[in-house]
Amino acid sequence: MGDFNLALVIVAIIVCVLVFIFNVYLLVNYQHPDDANQAYFPKFVVVFGLSIAAISILMLPADVANRQACRHAIYNGACNLTLPMKDLWLAVYIIDALLVFFVIPFAMFYYEGDLDKTVWKRMKSALLWVIVTAVVCALLLGILYGLVGKVDFTVRHLSSSTVSFPSSWDFSSGQQCIGNGAKQCSAYTANASSETTWTMRSTFPEYVVALATIVGSVLFTIFGGVGIACLPLSLIFSFIRRPKAVITRSQYIKEATELAKKARELKKTADALHQEERSGNKGRKWRKNVKAVEKELLLLEEDVKALEEMYPQGEQAEATWAMTVLGYLAKLVLGVVGLIVSVAWIAHIVIYLLIDPPLSPFLNEVFIKLDDVWGLLGTAAFAFFCFYLLLAVVAGAMMLGLKLVFITIHPMKWGATLMNSFLFNVGLILLCSISVIQFCATAFAYYSQATAAQEIFGHTLQSLRGIKYLYKYNVFQIAFIILAGLTFVYYSAFGWKRRKPSGRLQLST
């Protein structure tokens, strides 16, 4: 079998099975009781989508391991690679795009359809929206691919005559190659006129991946830039704002009464909005009010949870309070670790991507040295840094959803997550996972060199006509750093303070 590494194939199959089982576990434990024993199609989409997102993240470390199959060959084409990684990359991301733009919207439209309608009418309405989306996307992709679906590579024509093999080697800054003639040193003396542009048409799957990457990069830059700062700081400040002691029974009754009053007000508002929906009055103002009520309901649920923490009840009240204390200590530890990872990410982006030439390979060298310690240690650290970016995206979406009313909030709560929230977050993760992989392939180009991911996300994507300038001038990386810095300043100034009762109730200290 030559260089074909059967062990890597077996590991890939085992990992895929474990990822699928883990996602089923997440679905079962996070789903809302109202969705039990129903909504099977959305559940299948959730598990399948999460599996594709996790596998796509793990494929980059697998691509690096796949490259090792040819480490004894003179060049990569001289051996049989372990896995056809380029075909696998394109297949995974075409499936990713189909899920994001067609399957998940259909599942969400069907799930959120009017329950008073028949199943066929709900499917018909959802399918109509998806067909309209498909037609628009197909026309847009076809037109763009026909007009600008080409790759422009800058090349330089060089030529040199042959010389006798030297008896001694004498290289210096003045003599950088064999021989003294200009022809022999044309690589160093060639003028700008020797440069030309080599144009070729990209494949359609690569172009689809490229456009999906651009859409995902915009969301990744916004949500990821905000999330990479607020994710660790929110955990640390949650520990700072933790309840210091158990409140008295009289305080509990007072706070519970206020929360009950707020709950009744929200129920009245929700009933009025439901009545407007039945009458067909679903304009912009109605949608804005619905999102505002969803935000207030989420904050009210947080207040209820905080009140339960401050006044544990039952026979095991002391054990419950002890677990609460340990939970906040765990948040502190995770927040400190996350802060270290976030700082390392930002420093790496500045040192390796924004400064030309790079000051240091930084994390690339760290992963390589970890691989020297143990073969999979560097790969595991590499995968962790990639997964951390996805967590930052979800955290950033939640943070902006709470601050900005026009962004719908879809929180993930243990045992209380509806399928529409599941589908929204899976779609967000899938869309941003493409950009995370492209971002990691660029940020860790030294570690992942000579891989199929580098060919797709490095050379082809960054040379695509109309898109290459976004990467040439590091637009996404600069915006990412700016948003991360602004969020860090905002959280440092206001995140440690107790929340004021503006638009929500505030528990007594």
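# Reading the helices of a predicted chain

Reader: What does the accessible surface of the chain come to, and what part of this surface belongs to carbon and sulfur atoms?

Author: The accessible surface of the chain comes to about 28,400 Å², and 66% of this area belongs to carbon and sulfur atoms. Such areas come from the Shrake-Rupley method with a 1.4 Å probe, and for residues only the protein chains shown count as cover. This is a predicted model, in which local features need pLDDT of at least 70 and side-chain atom pairs count only at pLDDT 80 or more, while totals for chains, interfaces and linings use all residues. Residues are numbered from 1 along each chain as its sequence is written, and side-chain values use heavy atoms, with hydrogens and water left out.

Reader: How many helices and strands does the chain have, and what share of its residues counts as buried?

Author: The chain has 15 helices and 2 strands; helices (H or I, at least four residues) and strands (E, at least two) are DSSP runs numbered from the N terminus. Of its 509 residues, 39% count as buried. Buried means under 20% relative accessible area, exposed over 50%, and partly exposed in between (1.4 Å probe, protein chains only). Among contacts (heavy atoms within 4.5 Å) between residues at least 6 apart in sequence, 80% join residues at least 24 apart.

Reader: How are two packed helices described, and at what angle do α6 and α9 cross?

Author: Two packed helices are described by the angle between their axes and by the distance between those axes. The axes are lines fitted to C-alpha atoms, for helices over the stretch in contact, and angles run from 0 to 180 degrees between N-to-C directions. For α6 (residues 204–240) and α9 (residues 317–354), the axes come within 8 Å and cross at roughly 155°. The two helices are therefore roughly antiparallel to each other; angles under 35 degrees count as roughly parallel, over 145 as roughly antiparallel, 65 to 115 as roughly perpendicular and the rest as oblique. Among the residues that make the contact are Ile228, Leu233 and Phe239 of α6, and Leu332, Val336 and Trp345 of α9. By class, this contact has 13 nonpolar, 4 polar and 1 charged residues. Here Ala, Val, Leu, Ile, Met, Phe, Trp, Tyr, Cys and Pro count as nonpolar, Asp, Glu, Lys and Arg as charged, and the others, Gly among them, as polar.

Reader: Which residues does Phe488 touch beyond those up to four places away in sequence?

Author: Phe488, found in helix α15, touches Ala229 and Leu233 when residues up to four places away in sequence are not counted. Phe488 and Ile228 are 260 residues apart in sequence and 9.0 Å apart in space, C-alpha to C-alpha. With a relative accessible area of 41%, Phe488 is partly exposed.

Reader: How do α7 and α8 lie relative to each other, roughly parallel or roughly antiparallel?

Author: Helices α7 (residues 249–278) and α8 (residues 284–310) have axes that come within 10 Å and cross at roughly 160°; they are therefore roughly antiparallel to each other. Residues of α7 including Tyr252, Leu259 and Leu266 meet residues of α8 including Trp286, Val293 and Leu300. The contact of α7 with α8 has 13 nonpolar, 2 polar and 6 charged residues.

Reader: At what angle do α2 and α12 pack?

Author: Helix α2 (residues 40–67) packs on helix α12 (residues 419–443) at an angle of about 15°, with the axes 9 Å apart. These two helices are therefore roughly parallel to each other. Val46, Leu50 and Ile57 are among the residues of α2 in the contact, and Phe422, Val426 and Ile437 are among those of α12. This contact has 18 nonpolar, 3 polar and 1 charged residues.
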